[in-house]
Amino acid sequence: MERSTIVRVHEGLHARPATRFVKLAKSFESDVDIVKDGKAVSAKSSVKLMLLGVKEGQEVTVRANGADAIEAVEALIGYLENPLAGLDEQDALKGDSAPVQAPQLASPEPQAVPTTEAGPTTEAGLVGIAASEGVHLGPAFAHFPPEIGTEARTLAAHEIEPEIERFMAAIAAVRARMDKVLADETLAGGDRGIVAALRDIAGDETLVGDTVAMIRDRADAVAATIAVSSRLADEFGAVEDPYLNARADDMQAVGRQICLALLGQDDVSLERIAQGAVLIADDIGAWDLARAPLKRIGAIVCGHGGATSHIAIIARSHGIPAVLGLGERVAELRSAKTVAVNGNSGAVIADPDAATRAHYERRMGEATTERDALSVFKDTVPTLADGTIIEVAANLGSLEEIEAAKEAGAMGVGLFRTELLFMRHMHLPSEDMQAETYGALAKAFAPYPVIVRTLDIGGDKPIAGIEFPEEENPFLGWRGIRMCLDRPDIFKRQLRALLRAAVHGNVKVMLPMVSDIEEVRRTRLLIDECAAELKAQGAAFAPFTLGVMIETPAAVLIAPALAREVAFFSIGTNDLTQYVMAADRLNPTVAKLNDVANPAVMAAIEMTVRAGVEAGIMVGMCGEAAGRPDLIPAFLRMGLSELSMSPASIPRAKKIVSELGKAS
Ligand code: PEP
Ligand code: MG
């Protein structure tokens, strides 16, 4: 029994639809295949199905053989032609989905970076990128998940069946462990989806079937698991689809868990990090770090990452000193017991001598004293001599950071990065959940403004539900506002959610990566369309003010014209610097050029502020430079009236502005 049809599943059969399709196929006894371009795979294996890469609009055939073949074909064709509409977040949270990977940070070449702060004479050791300020001395916590390495063994004939049993028991143990995690009611939604999808992969018929076949061919279970999971990971890695590429890591992760269960070992988990420990790793996914017990982490040292990578941004927003970009030399710290980290100079010292320890202990004490002294500025309203109030606001990426920002005295939010909301889920977040998130943010800071940035994502950090093309230069490619305008389905969902959230507080919205005035005009038309739709539905909404980020040289050069179209500018110095200087913000080899204080960048900032001030609109800054004590006076002289930064930098910025106000 077989039937062909054109697939009507939005985005095709990967992620959640693939899991649903497989679930449906498994509910029938018959053997069921799906055929595309002459290639047939089992419809009961989500791994095989995802690798087949079925896209919306393509023709496929469903073929079944068995007692309930007719019903199976009918049901599956029915799904492909009319996938169940209206499935919401909860489906995914129940584990009915595949996970999204955390964005991978760039992999800079190991490179020594000049220090910016002289250390004590005893300060020697490694030097990396000073990515989050502060000094720390603490016990080392090396996070280098070990390679699984055992000697492959050829089984004797009588060992085959017991080995298969051992393998099946390991699969059951891994799935049971994952079920236990899923049973924890406090597990966050994003984590739940990731664990549930890994559990599905662990039981996938391709992974299990192919491994058992290898054991029957006399490979031992660990070797067979490594071979099959690596082969499937390679197949995912070779697919031209960033979402499926990321599934390669899932295959490796599940393979690793099964091997550990076979070997009776546990994996290294960030959960076990001790209070005040220095986390040392080659790389940490930004999402893994966001879920780690950040309050316990004393400092972070990584082989990968740069000053404006997301790992650095998370570290800064939690006030955790960090040195990144050490390259392969980070491995030298693996056996250290104690590590001293200087997030101001980039120095990292393994097992420091007594003099260095004393130096760091003194610096930590001073930092605590300074923090206490700065805390008196928490409620200060920083005012210049002419009475201008400078809004010192927070850069946030999630609702979890609200408390720290308020604690630091944030006068609202100058940049809410919405990417994490999209990365945390296995599918595009619904309008309702976005409206709820933006609304909660607005309520938390009312009457201060919260500036939400519309989705700023590109092919370098793909997310589920959007297919990004392979690009030679993703940073110059289809990202930010460019991608959003090409995907009005995604963009309008976010704009509608923002209009709904504006009922709850002072919501402002800004567009990233603007380089052409038409991008603003086209966005306005979409906002009008969204408002009309909400009105027709009788939904509660309120207008918001629209601004743009100034992060491209093009935006600087057309700033006078842009200023006539929008209510505010926010200067994104992280990107503006890399584009003005043509120096990649993640590449330590050009870190010297990637300097906001370079006269070229300062001139671009000044041109922007002048254009905004002449047009009478607010000009703020939300790039990392906004929190730099050495540059704040220059920015204020130019006429900036809002500075938005990592919460940890707020008290000092407030102090600097207040003192400037009194001195002039
Ligand atoms: C910037 O580019 O300065 C900015 C604030 O945006 P992001 O760091 O998220 O690119
Ligand atoms: Mg930017």
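**Notebook: loops, salt bridges and ligand sites**

**Entry 1: Met-513.** I looked up Met-513 and found that it counts as buried, at 2% relative accessibility. Here buried stands for under 20% relative accessible area, exposed for over 50%, and partly exposed for values in between, with a 1.4 Å probe and protein chains only. Met-513 is placed in the loop between strand S16 (506-511) and H18. I noted that phi of Met-513 is near 65°, a positive value in a residue other than glycine. Helices (H or I, at least four residues) and strands (E, at least two) are DSSP runs, numbered from the N terminus.

**Entry 2: conventions.** The model is predicted, with local features needing pLDDT of at least 70 and side-chain atom pairs counting only at pLDDT 80 or more, while totals for chains, interfaces and linings use all residues. Residues are numbered from 1 along each chain as its sequence is written, chains are lettered from A and ligands numbered from 1 in the order in which they are written, and side-chain values use heavy atoms, with hydrogens and water left out.

**Entry 3: other backbone features.** I then turned to Asp-37, whose phi is near 50°, again a positive value in a residue other than glycine. Asp-37 belongs to the loop between strand S2 (31-36) and S3. Is Asp-37 buried or exposed? With a relative accessible area of 70%, Asp-37 is exposed.

I also checked Ala-43, which sits in the loop between strand S3 (39-42) and helix H2 (46-52). Ala-43 counts as buried, at 1% relative accessibility. Its C-alpha atom is 9.2 Å from that of Ala-18, a residue 25 residues apart from Ala-43 along the chain.

Where is Pro-447? I located Pro-447 in the loop between helix H15 (431-445) and strand S15 (449-453). The peptide bond joining Ala-446 and Pro-447 is cis, with omega about 5°.

**Entry 4: salt bridges.** I took a salt bridge as a side-chain nitrogen of Lys or Arg within 4 Å of a carboxyl oxygen of Asp or Glu. The count by this rule is 24 salt bridges.

I examined the pair Lys-492 and Glu-533, whose closest N and O atoms are 2.6 Å apart. Lys-492 counts as buried, at 12% relative accessibility, whereas Glu-533 is partly exposed, at 27%.

In the salt bridge of Glu-565 with Arg-521, the closest N and O atoms are 2.8 Å apart. Glu-565 lies in the loop between helix H20 (559-563) and strand S18 (568-571) and Arg-521 in helix H18, so the pair ties together parts that are 44 residues apart in sequence. I recorded Arg-521 as partly exposed, with a relative accessible area of 36%.

Arg-628 and Asp-630 form a salt bridge as well, their closest N and O atoms being 2.7 Å apart. Arg-628 is partly exposed, with a relative accessible area of 29%.

Which residues are joined into one network by salt bridges that share partners? I listed Glu-431, Asp-432, Lys-492, Arg-496, Arg-500, Glu-529 and Glu-533.

**Entry 5: ligand 1.** I defined the shell around ligand 1 by residues with a heavy atom within 4 Å of it. Among the residues that surround ligand 1 are Leu-415, Arg-417, Arg-453, Met-549, Glu-551, Asn-574, Asp-575 and Cys-622. By class, I found 3 nonpolar, 4 polar and 5 charged residues in this shell. Ala, Val, Leu, Ile, Met, Phe, Trp, Tyr, Cys and Pro count as nonpolar, Asp, Glu, Lys and Arg as charged, and the others, Gly among them, as polar.

I then looked up distances to oxygen atoms of ligand 1. An N or O atom in the side chain of Arg-417 is 2.7 Å from one, a polar side-chain atom of Glu-551 lies 2.9 Å from one, and a backbone N or O atom of Asp-575 lies 3.0 Å from one. The protein covers 96% of the 290 Å² of accessible area that ligand 1 has on its own, by the Shrake-Rupley method with a 1.4 Å probe. Strand S14 (413-417) and helix H21 (573-581) are the elements that give two or more residues to the shell around ligand 1. H21 gives the most, with 3 residues.

How values were computed:
Polar contact = N/O pair within 3.5 Å; in protein donor to acceptor, adjacent residues only side chain to side chain.
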